[in-house]
Amino acid sequence: MAITSMINSAKRRLKGGFNGALGGLGYKLVRADTLDRLTTPRSQSTELLGGTPNGGDRTVQAGRFQLLPSVNKPPTLCTAHAPKFDPQKTPSQLADKIVAFQQEGITVISTGAEEAATFRETERFDRDVGNRHSAWDWAGNSVESYTDDLKAGLPSPALVDYLHALFSGGDFEAFFRGALGCPAKVANVRLVRSLPHLADGVGPQEWHSDGCPAGVIRGVLYLCDVDAQTGPFQYKDEAGREHTVLGKTGDLLIFDATRLLHRGSPPSHKMRSAIDLVFMPRMPDEDMTIMVVGMNHWPADPFFFKIPTERPADLR
Amino acid sequence: MQPEFETVLPVYIVGDSHSLPYRNMVFREKWTGAWVMARSKYIPSLTAHDFFNSATGDFHPELIGFLEYEGLVRAGRATHLSTNEVDFAIAKAAGQPVRPPLILIAVGEIDVRGPIMRLLKDTYDFVPPFATTLPLLEKPLVPWDVIEDAIDTRLGPLIAGLQQLVAAGFTRVYVQGVVPPTRNEERIRELQSYDCPVTVRTKLVQAFNRKLGAKCRSINLTMLDRWSALTEDDLLRPEYDFDGVHVPPKGAHLYLEALIDDAINSRGLVANHSRYELYYRIACGLNAFQATEPNPA
């Protein structure tokens, strides 16, 4: 008994000394900060985790009456799922454009100049930039027009047919598969005419990023030659350097409008006419479609949406 | 021929008894002609102060219960932003767009009528730090900072809770400003067992709403303000005095219209980036859920 008691007493002294030494270093039987973390109310510990993008981490659990953080933000790169394009492995007419798009976030593709010039004359730029197709299922412009320096219009059936044929062609099919990683459809097409003015630009004429959802990229098809006085498209590269994209009638700019800060610079002397395009992913078994939705941008939910109808102008 | 049908635009309204005038309200909004439907939850005696517990991170249990019932929250997460396969299947079966929901919170009136008004009763008046048409009574004054402190104390938990809602992905949340108080002094005596002149009560609500509006703006939310429509010379119009506490449904409709007017022009917030990520992954032939669900194999 005496021996057992002596051993137990020695054990206690040893444990006491050991814990004392650990305590001096900030440890208890478990690390002091671990103990603190375990005893901290869940709200504080979940706050430390920060926002969980899109609710992805299913291992974090909320308390019964708590909410876990989740973000609803556009990606920094809208084409993240496109594999790095290798023109040797996948040769195509627009291979160099795919490479340029992946490297710079923008590329310029020549399309029919004659057709573009014709559409410049025949299409009607007869609306302001107010949104007459407002819909709860679409992200889009405000109902009221925000400037008189821009005119807008809806594409004619002939223009829609032309664009459908253009983007259904093998070259563009290959382009989108390379640049986006999947086929694309046109989520919106609208006509935009920038009138010359010397005031600072507003709306799309200010530097901005579109905040496009994943897989959504933008296009601008010049319907006229665009020089420095015609309000050329401008963007800033990742180093912040400013680039100006002059172009010829029929040039199509395709760009990642979230990756690149950009603007249609205010035209100082000459009117600029263009077609504004929104491209979004298309399922492999889905037909190419061209949607015409006025001053809207893209559906709120790509899985379920209706094409918005137009309201009379006097309903504003 | 297929029968035609429409789905409504739901606005989820939760709060104290000021959520009651919205009950079963439907109307066509003027912008798109869509049917708007109020889906409301009355939480008895809910105050701004009880909305959220900053110490524990807990919301009022009935608020979470409402959000869960409406399918807006599951397992502590906003379902509209979930990339979980179960939530995806639920959305698919519903067959409707998954948008950040429109939510309206109606709290604050009990905070004003209870603990804040008690500071003044029929004994004191105060000078608010803003212009008002309401007269200053011949009564001793309570310093503004005392009133301000009382308002801040009541609003603190509400604002902390609203921040948590935003952080959880509920970015289209609106707060109803406290409605102008009744002119009926007897009704207040009946409710509170003491008097407090209508001009003092009205100034208190104005002060509370100014603070509430500013705090909402600071977290990118909007307080709905229909003061000018509901009042005449800053006092509640008799036609909107329903029962001495609430505005009638036609008054609630004014707030809902204001919400719709703001929301239709704030549709940059409507895009569901989580759903786009899933869509894009599927279009690219990738496993949509692989990135977010650990593969048990």
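**Exercise 1. A sheet in chain A**

In which sense do strand S8 (residues 233-236) of chain A and S11(A) pair, and over how many bridges?

*Solution.* First, the ground rules. This is a predicted model: local features need pLDDT of at least 70, side-chain atom pairs count only at pLDDT 80 or more, and totals for chains, interfaces and linings use all residues. Residues are numbered from 1 along each chain as its sequence is written, while chains are lettered from A and ligands numbered from 1 in the order in which they are written.

Step 1. Strands (E, at least two residues) and helices (H or I, at least four) are DSSP runs, numbered from the N terminus. Two strands pair if DSSP finds at least two bridges between them.

Step 2. Read the pair. S8(A) and S11(A) are antiparallel, over 4 bridges. A:Lys236 stands opposite A:Leu261 in S11(A).

Step 3. Extend to the sheet. The order is S9-S8-S11 in chain A, an open sheet of 3 strands with antiparallel pairing. Strand S9 (242-245) and strand S11 (261-264) of chain A each have a single partner strand, so they stand at the edges and one side of each lacks a neighbour in the sheet. From one strand to the next, the twist averages 20°.

**Exercise 2. A strand in chain B**

*Solution.* Step 1. Apply the burial test. A residue is buried if 20 or more other C-beta atoms lie within 10 Å of its own, exposed if 12 or fewer, and partly exposed in between; C-beta atoms are placed from the backbone. In strand S8 (residues 102-106) of chain B, 5 of its 5 residues are buried.

Step 1. List the partners. Strand S1 (residues 9-15) of chain B pairs with S8(B) in the parallel sense over 5 bridges. There, B:Tyr12 stands opposite B:Ile103. Strand S9 (residues 173-176) of chain B also runs parallel to S8(B), joined by 3 bridges. The bridge partner of B:Leu104 in S9(B) is B:Tyr174.

**Exercise 3. One helix, two sides**

Which residues of helix H5 (residues 113-122) of chain A are buried?

*Solution.* Step 1. The buried residues are A:Ala116, A:Phe119 and A:Arg120.

Step 1. Turn to the face pointing away. A:Glu114, A:Glu121 and A:Thr122 are exposed there.

Step 2. Name the cover. Helix H6 (157-168), strand S7 (217-222) and strand S12 (272-281) of chain A are included in what covers the buried residues of H5(A).

**Exercise 4. Where the chains meet**

How many residues of chain B are in contact with chain A?

*Solution.* Step 1. Define contact: two residues whose C-beta atoms, placed from the backbone, lie within 7 Å.

Step 1. Count. 54 residues of chain B are in contact with 48 residues of chain A.

Step 2. Assign. On chain B, the elements giving two or more residues to this side are strand S5 (58-59), helix H1 (61-69), strand S7 (77-78), H4 and helix H9 (273-283). H9(B) gives the largest share, 10 residues.

Key: Axes fitted to C-alpha atoms, helices over the stretch in contact; angles between N-to-C directions.
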